[in-house]
Amino acid sequence: MLDNLNWWEIGALLLLALLIFGDRLPAVITDGLRLVRNLRNMARNATGDLSRELGTDIQLEDLHPKAFIRKHLLSEEDEAAIRKPLQGVYDNLRADVSGVHNDLKDVASAADLRSNEARSGTATSSPTAPAPRASYDDAT
């Protein structure tokens, strides 16, 4: 949840909370934790009630519509039949991406070798002329 915040931002938020709530900050934190605990209990009770009504074992994660359909309405054969047409496309795409990845690795290693040879001065071939620089007018 707070993955995109760094330590400075978290510290600034804590300082802001201290300035806003002052001496009441511990009570506000306690109330917030109590609210989260009550929400969890409500969700747990709702899943228990839903499990009893439907006659199946339902977890909180199963309440997502896709997961619910996959687990409770589709059989394994139905799910395999749905995935089968897309599996070939996925395999082809994965093979293409891995091929491009390998080609890029080869190009990067070749470029790295050339730059190492140029830096060390052990290049045996004749020096090449520098490439002409593109101007702004050429790009537009």
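Tutor: This is a predicted model. In it, aspartate 31 forms a salt bridge with arginine 34, with 3.0 Å between the closest N and O atoms.

Student: Why is the contact between aspartate 31 and arginine 34 called a salt bridge?

Tutor: The cut-off is a side-chain nitrogen of Lys or Arg within 4 Å of a carboxyl oxygen of Asp or Glu. The closest N and O atoms of aspartate 31 and arginine 34 are 3.0 Å apart, so the pair counts as a salt bridge.

Student: Where do aspartate 31 and arginine 34 sit in the chain?

Tutor: Both are in helix H2 (residues 25–54), three residues apart, which means a separation of about one helical turn.

Student: What makes aspartate 31 partly exposed?

Tutor: Its relative accessibility is 42%. Partly exposed lies between under 20% for buried and over 50% for exposed, so aspartate 31 falls in the partly exposed class. Arginine 34 is also partly exposed, with a relative accessible area of 42%.

Student: How many salt bridges does a search of the whole structure find?

Tutor: Two. Aspartate 49 forms a salt bridge with arginine 52, the closest N and O atoms being 2.2 Å apart. These two residues also lie in helix H2, three residues apart, about one turn of the helix.

Student: How do you know whether arginine 52 is buried or exposed?

Tutor: The relative accessible area of arginine 52 is 62%. Exposed means over 50%, so arginine 52 is exposed. Aspartate 49, at 39%, is partly exposed.

Definitions and conventions
Residues numbered from 1 in each chain as written. Predicted model: local features only at pLDDT ≥ 70, side-chain atom pairs only at ≥ 80, totals over all residues. Heavy atoms only, no water. Helix = DSSP H or I, 4+ residues; strand = E, 2+ residues; numbered from the N terminus. Buried < 20%, exposed > 50% of the residue type's maximum accessible area, 1.4 Å probe, protein only.
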